[in-house]
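Biologist: Put the model up on the screen, please. I'll ask things as we go.

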Amino acid sequence: MKLEDRDVVVVTGVASGMGRTYALAFAKMGCRLALCDIDEEGLAETKNLVAAVSAADILSECVDVTDADAVLAFAQNTEEKLGSARIVINNAGIEGSAQPSWRTPLPTYQRVMAVNYFGVVHGCQAFLPQLLSHEQSWLVNVSSVFGLIGTPNHTDYCASKFAVRGYSEALRAELEGSGVHVMLVHPGGVNTKIARQEFSQTFAKHYLRSTPEDVVDKVLRAMAKRRARVVCGHNSWKTALAARWIPLGYLSRLIWRELSEFIDTSHYPARKTRSEETLRENQ
Ligand SMILES: NC(=O)c1ccc[n+]([C@@H]2O[C@H](COP(=O)([O-])OP(=O)(O)OC[C@H]3O[C@@H](n4cnc5c(N)ncnc54)[C@H](O)[C@@H]3O)[C@@H](O)[C@H]2O)c1
């Protein structure tokens, strides 16, 4: 990546975690920033932190990425006030219900999809014309390692992150040769505020271990090399290799064995051993 002076960088979901870290990293490079989040207080804190390290222009707006019109208005304001965006990081996201699928209410599926998947679609649609106006530009969509494997207690979250992956891989093919580099990010466990639910605390303590700074540094390096995908953060490589090489039937068993230690399994059906299953099939 060769950033030019006064490049305009857009980051969604900057009130905390990796979004805030992206904002600070690009601010230190002297970029002009268009930042948004639904959390007004956290957004203001990020704006102050950014202003302390950079004198470049900042546009910060309270935007809900599930609202297509609001994202479009944010894109128009960005172009008017800062100029045309050259880097867009669709980062805003939320966790799911952290419960088994049969205990996850339909509105939770809809909300998780609206933020994690449609938030990305809205960001891409609103900013693509600006990205296409440059000779070279970057569109970075944040999925997860849970966009590579399916895990118990995460049907809502995994579905949304697989959707981001499918959408971005297809978009990448569409934009091949256009100068817009589409990159997928699959972070492993990162220590941020994402795990807000009581149900996810044991899981979060065990898995969310990498720092946002480490992940953002790796993403920036991958952008410089115009990588199509970056997999980074706690347990991410192990997960990516397993997703690629282990047959799904065996992988599901391994995943259950590992994760069932760190989730509440009291609402799951009793497990049958393989020999019990075979015995029943043969009866
Ligand atoms: N932390 C992890 O272990 C991990 C792992 C893989 C992927 N991710 C993904 O990384 C991204 C950043 O997450 P994070 O870990 O920094 O979490 P975080 O909770 O610290 O940051 C997410 C930000 O998105 C904002 N947001 C939520 N809903 C929004 C909406 N409707 N409109 C605008 N902003 C909204 C939140 O207010 C928050 O500031 C997310 O997409 C997340 O799914 C995180």
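Biologist: Where does Ala-98 lie?

Modeller: Ala-98 lies in the loop between S4 and H4. The helices (H or I, at least four residues) and strands (E, at least two) here are DSSP runs, numbered from the N terminus. Residues are numbered from 1 along each chain as its sequence is written. Keep in mind that this is a predicted model: local features need pLDDT of at least 70, side-chain atom pairs count only at pLDDT 80 or more, and totals for chains, interfaces and linings use all residues.

Biologist: Okay. What is phi of Ala-98 near?

Modeller: Phi of Ala-98 is near 60°, which is positive even though the residue isn't a glycine. For background, most residues other than glycine have a negative phi.

Biologist: And is Ala-98 buried or exposed?

Modeller: Ala-98 is buried, because 24 other C-beta atoms lie within 10 Å. The rule is that a residue is buried if 20 or more other C-beta atoms lie within 10 Å of its own, exposed if 12 or fewer, and partly exposed in between, with C-beta atoms placed from the backbone.

Biologist: Which loop is Asn-153 found in, and what about its phi?

Modeller: Asn-153 sits in the loop between S5 and helix H5 (155-174). Its phi is near 75°, a positive value in a residue other than glycine. Asn-153 counts as buried because it has 26 C-beta neighbours inside 10 Å.

Biologist: Let's switch to the sheet. What order do the strands come in?

Modeller: It's an open sheet of seven strands, in the order S3-S2-S1-S4-S5-S6-S7, and the pairing is parallel. Two strands pair if DSSP finds at least two bridges between them. At the edges are strand S3 (58-62) and strand S7 (229-232), each pairing on one side only. From one strand to the next, the twist averages 15°.

Biologist: Which helices pack on it?

Modeller: Helix H2 (residues 40-53) packs on the sheet and touches S2 and S3, and its direction makes about 170° with that of S3. H4 packs on the sheet too, touching S1, strand S4 (87-90), strand S5 (137-142) and strand S6 (180-187), at about 180° to the direction of S4. For those angles, axes are lines fitted to C-alpha atoms, for helices over the stretch in contact, and angles run from 0 to 180 degrees between N-to-C directions. Contact between two residues means that their C-beta atoms, placed from the backbone, lie within 7 Å.

Biologist: How many bridges join S1 to S2?

Modeller: Five bridges join strand S1 (residues 8-12) to strand S2 (residues 32-37), and the two run parallel. Thr-12 has Cys-36 in S2 as its bridge partner, while Val-10 stands opposite Ala-34.

Biologist: How many residues of S2 are buried?

Modeller: Six of the six residues of S2 are buried, so the strand is largely enclosed by the rest of the structure. Arg-32, Ala-34 and Cys-36 point one way, and Leu-33, Leu-35 and Asp-37 point the other way. As a rule, side chains in a regular strand alternate between the two faces of the sheet.

Biologist: What about S6?

Modeller: Eight of the eight residues of S6 are buried, so S6 is largely enclosed as well. S5 and S6 pair in the parallel sense over six bridges, and Leu-139 stands opposite Val-182 in S6.

Biologist: Which residues touch the most other members of the largest nonpolar core?

Modeller: Those are Val-10, Val-11, Ala-23, Leu-33, Leu-35 and Val-88, out of 65 residues in that core. The largest share, eight residues, comes from H4. A nonpolar core is a set of buried Ala, Val, Leu, Ile, Met, Phe, Trp, Tyr and Cys residues joined through C-beta atoms within 7 Å. Leaving aside neighbours within four places in sequence, Val-10 is in contact with residues including Ala-34, Val-88 and Phe-127.

Biologist: Last topic, the ligand. Which residues come nearest?

Modeller: Gly-13, Ala-15, Gly-17, Gly-93 and Thr-192 come nearest, of the 30 residues around the ligand. To be near here, a residue needs its C-beta atom, placed from the backbone, within 6 Å of the molecule. H1 gives the most to this shell, with three residues.
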